[in-house]
Amino acid sequence: MTQIAQDKLQELYDFIEDVKQKDYTESYLIAVLHKVQELFGYLPQDVMDDVAERMGIPTAHIWGVATFYHYFNLKPVGKHMVSVCMGTACYVKGADKVLETLKKELGVAVGETTEDKLFTLQEARCLGACGLAPVIMIDDKMYGELDGKGTIDVINQYRKAAK
Amino acid sequence: MADKITIFINDKEYQVDAGQTIMQAADKLGFHIPRLCYHPKLSIEGSCRVCIVEVEGARNYVASCSFPVSDGMKIHTNSQGVRKARRDIIELILDNHPLDCHTCERDGNCELQRLAASVGIRARHFEGEKKCYDKDLSSDAVIRDPNKCILCGRCVRMCSEVQEVHNLTQAHRGFSTVVMPAYNMPMDNSVCTNCGQCINVCPTAAFLEKNYTQELFEKLNDPDIIKVAQFAPSVRAAIGEAFGLAPGRNMEGELVAALRKLGFDYVFDTQFAADLTIMEEGSEFLERVQNGGKLPMITSCSSAWMKCVEQFYPDLLDNISTCKSPMSMQSALTKSYFAQKLGVDPEKILSVAVMCCTAKKYEAARPELEVDGLRSTDIVITTREAAWMIKSAGIDLLNITPEEPDHPLGESSGAGAIFGTTGGVMEAAIRTAYELYTGETLVDIEVEAIRGLKGIKEGKIVMDGQEIRVAVAHGLGNTNQLMETIRKEPDKYHFVEIMGCPGGCVGGGGQPYAQANTIPLDEEALQQRAQALYDLDRGKTIRRSHDNPDVQKLYKEFLQSPLSPVSHKYLHTHYQAKTPKGIVPKETKTGV
């Protein structure tokens with residue numbers, strides 16, 4: 001295991017030790033899973049095993065919670081998360097076309113990660129930037145008033161930066 | 001005494017105890033409100049909404065399984081509005097359920113089917129999207145078919161609350177919800193102990209035993225093999241229910257006759273091997289007591305318990321008796337002692353076990369139970385499968401002339417019979433161990449303290465001035481509690497009996513489905529099945545395993561003595577720690 005991975009695990013273990021000092025430890029499961037995702041980008045199975053053992057919660061129960069919430073990624077994700085807003089305003093302004101462009105350009109379906117592990121494509125509900133519709137969000141940065149070419153330009157910026 | 005309050009059901013006034021739900025009150029008054037996700041042994045889920053009733057003044061219909069009665073409450077269980085709503089709810093459940101009742105294994109035994117009929121569904125009004133998943137056929141014992149699942153959650157609650165195995169969960173959400181093990185692992189890779197209790201409580205066919213009836217029919221028609229059957233104690237106490245009889249009728253003779261009619265050349269009785277288990281296990285126990293071996297010694301007859309202990313209690317493996325289960329002993333002897341007597345190649349023998357158990361299918365496939373590279377038990381069928389085969393072959397079980405099992409592996413004592421119920425193995429062991437230890441005969445052989453359905457039972461017996469403390473648990477949840485005690489207080493008991501299923505083998509995962517208007521694992525039914533075995537014991541002249549003449553003969557002719565090298569080769573086994581990561585079955589609070 002690399003030093004970075006070990007450090008991440010240690011941070012998680014400390015976090016779990018913290019919540020175990022509190023009443024109703026089990027109710028912190030979602031908070032712990034958030035921490036896992038923050039550290040690893042998704043919920044790796046062996047880390048969920050760790051959480052089960054350290055919190056004393058059966059793995060099946062953790063799996064039930066992890067799969068219930070769309071927020072949790074069950075597979076590794078790319079370096080950048082591309083969220084396409086499918087809210088009403090974006091939708092009427094052509095979000096479906098933006099999404100199609102992205103699928104074609106990245107060569108992945110919704111929920112999948114590109115082969116170079118640079119992007120994961122996902123749909124989002126309203127991102128709260130209806131005035132700029134249609135919008136996409138990459139990580140925590142918003143790009144609005146997109147058309148086909150504009151979308152590809154944005155993607156290319158990230159590709160260039162990654163080189 | 002609870003306070004009495006007045007309620008009205010369907011305009012009639014009743015005095016009932018406060019502090020209960022509408023369903024509980026209605027049940028006692030003779031109003032059976034239709035229900036689906038409710039089970040008295042499990043926490044209240046309230047998810048199916050089938051048990052709705054109308055309460056005057058309430059904004060909506062309420063789920064009677066979870067809604068408490070209150071003074072002056074006016075309840076309507078059968079008004080037009082509630083009938084229509086209830087029917088719609090069931091129609092909506094059916095909407096996402098395959099339309100294949102006539103090819104389904106639970107056809108005629110399905111709670112959903114009965115429910116639909118009882119509310120008068122005669123047409124399908126809702127036709128929407130249907131889920132489509134692969135069946136999980138990975139396990140030798142328990143198969144999972146999410147397409148049949150209606151998400152009542154009874155299996156999940158059974159697995160976590162009663163058995164405390166926590167293998168199942170409802171994963172994903174909404175239309176995509178599926179009952180599955182963690183990580184959607186195949187059942188054979190999961191922590192499933194194969195106890196089959198999910199099958200018992202499933203209202204549909206979302207969980208089933210792996211069916212071996214076709215394979216068996218094929219083999220029964222093969223003239224070149226010798227077909228040998230054995231059947232477990234509790235099969236005879238329950239199979240009548242699959243033919244419409246009330247629980248608790250002993251069908252031993254009828255079953256022997258039916259198995260012969262099915263095409264078996266020899267029908268032996270697993271109770272014989274139960275007696276033999278007592279000889280070996282009793283001797284092993286005395287050896288441990290006298291030579292300072294690991295105590296408490298814990299029984300090893302229950303296959304689900306064996307997988308459970310290997311997964312969750314690897315630190316207690318040395319406490320487990322090395323004795324194989326009676327089924328595996330019987331099979332090993334069938335292919336050795338009996339084959340020699342017949343003068344045939346053991347490979348020519350088909351050894352079939354009729355068991356109350358689904359986990360026995362898993363046990364039969366365990367490689368360490370092979371003797372000289374040959375599998376001992378070739379096919380295991382459950383009580384349910386046996387009942388179906390008997391019906392399918394046109395055999396009239398109820399009116400058949402009873403027959404006796406064959407020798408030399410069919411004679412049994414009363415102690416062998418009670419093996420099928422919780423406390424029975426311990427009681428049988430005490431009868432023999434006492435005599436082996438003290439040289440005197442135990443006069444009062446019925447050990448009341450360890451009979452009955454209490455989760456954990458304790459007893460003690462004094463042998464030559466030494467107090468022997470015993471404990472008995474049934475169901476893996478109770479077992480978890482007992483194991484925690486043993487971890488903390490290793491000296492508390494000397495001898496411990498574990499059966500993985502509620503009530504012991506009589507409540508096994510392979511027993512007949514609950515009949516109409518009864519509930520799965522009804523305590524009264526379990527007690528009646530157990531009573532059939534206790535009656536069988538009382539009716540026998542020979543009630544101690546070591547008095548079984550065929551067992552004595554077997555030792556003289558073949559095994560020499562208990563725990564001899566020959567006995568070890570055929571009758572004993574070993575266990576291996578399995579350490580699934582992350583799965584924590586103990587001290588957890590799930591459900592309500």
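In strand β5 of chain B, B:His76 is the bridge partner of B:Glu54. This is a predicted model, in which local features need pLDDT of at least 70 and side-chain atom pairs count only at pLDDT 80 or more, while totals for chains, interfaces and linings use all residues. Residues are numbered from 1 along each chain as its sequence is written, and chains are lettered from A and ligands numbered from 1 in the order in which they are written.

Two strands pair if DSSP finds at least two bridges between them; strands are DSSP runs of E of at least two residues, helices are runs of H or I of at least four, and both are numbered from the N terminus. Strand β1 (residues 4–9) of chain B runs parallel to β5(B), with 3 bridges between them. Here B:Ile7 has B:Met73 as its bridge partner in β5(B). Strand β5(B) itself covers residues 73–76, with B:Met73 and B:Ile75 on a covered face and B:Lys74 and B:His76 on an uncovered one.

Another sheet of chain B is open and has 4 strands in the order β12-β17-β16-β15, with mixed pairing. Its edges are β12 (297–298) and β15 (456–463) of chain B; each has a single partner strand, so one side of each is left without a neighbour in the sheet. The partner β16(B), residues 466–474, runs antiparallel to β15(B) and is joined to it by 8 bridges. Among the residues paired this way, B:Lys457 has B:Val472 as its bridge partner in β16(B). Helix α15 (residues 424–438) of chain B packs on this sheet, touching β15, β16 and β17 (495–499) of chain B. The direction of α15(B) makes about 15° with that of β15(B); axes are lines fitted to C-alpha atoms, for helices over the stretch in contact, and angles run from 0 to 180 degrees between N-to-C directions.

Chain B is assigned domain 1 (4–94), domain 2 (131–209) and domain 3 (214–571), with bounds from an automatic or database domain assignment. The C-alpha centres of domain 2 and domain 3 of chain B are separated by 27 Å. Between these two, 18 residues of domain 2 of chain B are in contact with 23 residues of domain 3 of chain B, contact meaning that C-beta atoms, placed from the backbone, lie within 7 Å. On the domain 2 side, α4 (154–162) and α5 (197–201) of chain B are the elements that give two or more residues. The largest share, 4 residues, comes from α5(B).

Chain A has 7 helices and 4 strands, in the order α-α-α-α-β-α-α-β-β-β-α from the N terminus on. Its domain assignment gives domain 1 (3–68) and domain 2 (80–162), and the C-alpha centres of these domains of chain A lie 30 Å apart. The C-alpha trace of chain A spans about 50 × 35 × 20 Å along its principal axes.

As to confidence, the predictor gives the complex an ipTM of 0.90 and a pTM of 0.92. Mean pLDDT, the predictor's confidence in each residue from 0 to 100, is 94 for chain B, and 98% of the residues of chain B reach 70 or more. Over residues 586–592 of chain B, pLDDT stays under 50. Where pLDDT is low, the predicted coordinates should not be read in detail.

Technical notes: A residue is buried if 20 or more other C-beta atoms lie within 10 Å of its own, exposed if 12 or fewer, and partly exposed in between; C-beta atoms are placed from the backbone.
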